[in-house]
Amino acid sequence: MEGPDQAAGDDGAGAGEGAGGRKIIHIDMDAFYASVEQRDDPTLKGKPVAVGGTRERGVVAAASYEARTYGVRSAMASALARRMCPDLIFVRPRFDVYREVSRQIHGIFAEFTDLIEPLSLDEAYLDVTDNHQGIGTATEVARQIRARIKAETGLTASAGVSYNKFIAKLASDHNKPDGLCVVRPDQGPAFIARLPVGRFHGVGPVTATRMEKLGIHTGADLRRCSREFLAQQFGKSGDYFYLAARAVDHRPVRPDRVRKSIGSENTFFHDLFSHEDLTAALLESSENVARHAARTGKAGRTVSIKLRYSDFRTLTRARTLPAPVSDVDSIQQVALALLAPLEPVEQGIRLLGVTLSSLGEGEEELTVTAEQLALAFE
């Protein structure tokens, strides 16, 4: 696998992929919002910066790498971030600027391929199997794209190059920041085998803990599990885990995909009954939703929860708010209010999830006041 400074030449990324496979690149800008702010304000360079709301109920939309060394992360409450890093500099988000830079970056993508699947303002999949420039390897395409981004925006991007979306996304995070990682088809299974299962997309802290209790710590451990066992333990996610452990992902790059909602749900190894367990599960899902909302600069007016009982009966409850929300506290508060009338549960809960919909662009403070939230419960 190629690191950030290693030369690939006519590497396996071209040779292996050429045998009927696809050439997929996942581009992920490095600390995008914070990097834009540091670029535009040189006094912020080298300092811990958080983009997001400064109010007590605000949320961090993005953190510079300097801030991340203190444990500051996106979707974290601003108050907690300030406690973790007393010298943290808060900057109000400028979504109009981020969108303009994003359009500039996507314009660069379009010079190489029409098959672009945006995931957020700063992240996208590209299928460059047949690229406009006639470049022979996906590795060279990724190099040229990263160089163009750096030259035209002053920002750095990390790229993962592989033969499917699942591995390309994992690879883009492998050498961050400003890194390039190539995983050839003959390297895919070994690359996956070494990874902790917590790195897999779709494996949150609760699922990772359940896997660890089952003795599943790495991709290699997961690969030793049968499809039937994984389906029994993880429901419909079991088939995904079975294929992912084998480095298999047949999903195509889907151009111009529009996200209509942001959701997170978990299927539990043991049915949940207690208020404490249900609250913890809702908090995890709310954190996942808030993290993605912060990353994409989105906020939503409708929060919904989904419950599946032990007999597979499924319920959904939703509430539309007077103003968009995106921070974890607001999302969880609404989710708990939706859950309250359904408690105590007589049957165990085997699946629980949270979804944020009616999406729009993020609010400047990425928060909603307590008074506005109160209106939703009257």
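Start by selecting threonine 267: leaving aside residues up to four places away in sequence, threonine 267 touches Arg210, Phe234, Arg350 and Leu351. Contact here means heavy atoms within 4.5 Å. Threonine 267 belongs to strand E9, residues 261–272. Helices (H or I, at least four residues) and strands (E, at least two) are DSSP runs, numbered from the N terminus. With a relative accessible area of 14%, threonine 267 is buried. The cut-offs are under 20% relative accessible area for buried, over 50% for exposed, and partly exposed in between, with a 1.4 Å probe and protein chains only.

Before moving on, note that this is a predicted model, in which local features need pLDDT of at least 70, side-chain atom pairs count only at pLDDT 80 or more, and totals for chains, interfaces and linings use all residues. Residues are numbered from 1 along each chain as its sequence is written, and side-chain values use heavy atoms, with hydrogens and water left out.

Colour by pLDDT, the predictor's confidence in each residue, from 0 to 100. The chain mean is 86, and 88% of the residues reach 70 or more. Residues 2–19 have pLDDT below 50; beyond near neighbours in sequence, this stretch has 41 contacts in the model. Now select residues 363–378. Here pLDDT stays under 50, and the model has 44 contacts beyond four places in sequence for this stretch.

Next, show the aromatic rings. The whole structure holds nine aromatic pairs. Rings of Phe, Tyr and Trp (its six-membered ring) pair if their centres lie within 6.5 Å; planes under 30 degrees apart are stacked, over 60 edge-to-face, the rest tilted.

Select tyrosine 33 and phenylalanine 95. Their ring centres lie 5.7 Å apart and their planes meet at 85°, so the pair is edge-to-face. This pair links distant parts of the chain: tyrosine 33 is in helix H2 (residues 32–40) and phenylalanine 95 in helix H5 (residues 95–110), 62 residues apart. Tyrosine 33 is buried at 2% relative accessibility, and phenylalanine 95 is buried at 6%.

Now pick Phe166, Phe200, Phe234, Tyr240 and Phe241, which ring pairs link into a cluster. Phe234 is one of the residues that threonine 267 touches.

Finish with charges over rings. The criterion is NZ of Lys or CZ of Arg within 6 Å of the ring centre and within 35 degrees of the ring normal. Arginine 68 lies over the face of tyrosine 65, 4.5 Å from the ring centre. Arginine 313 lies over the face of tyrosine 309, at 4.2 Å.
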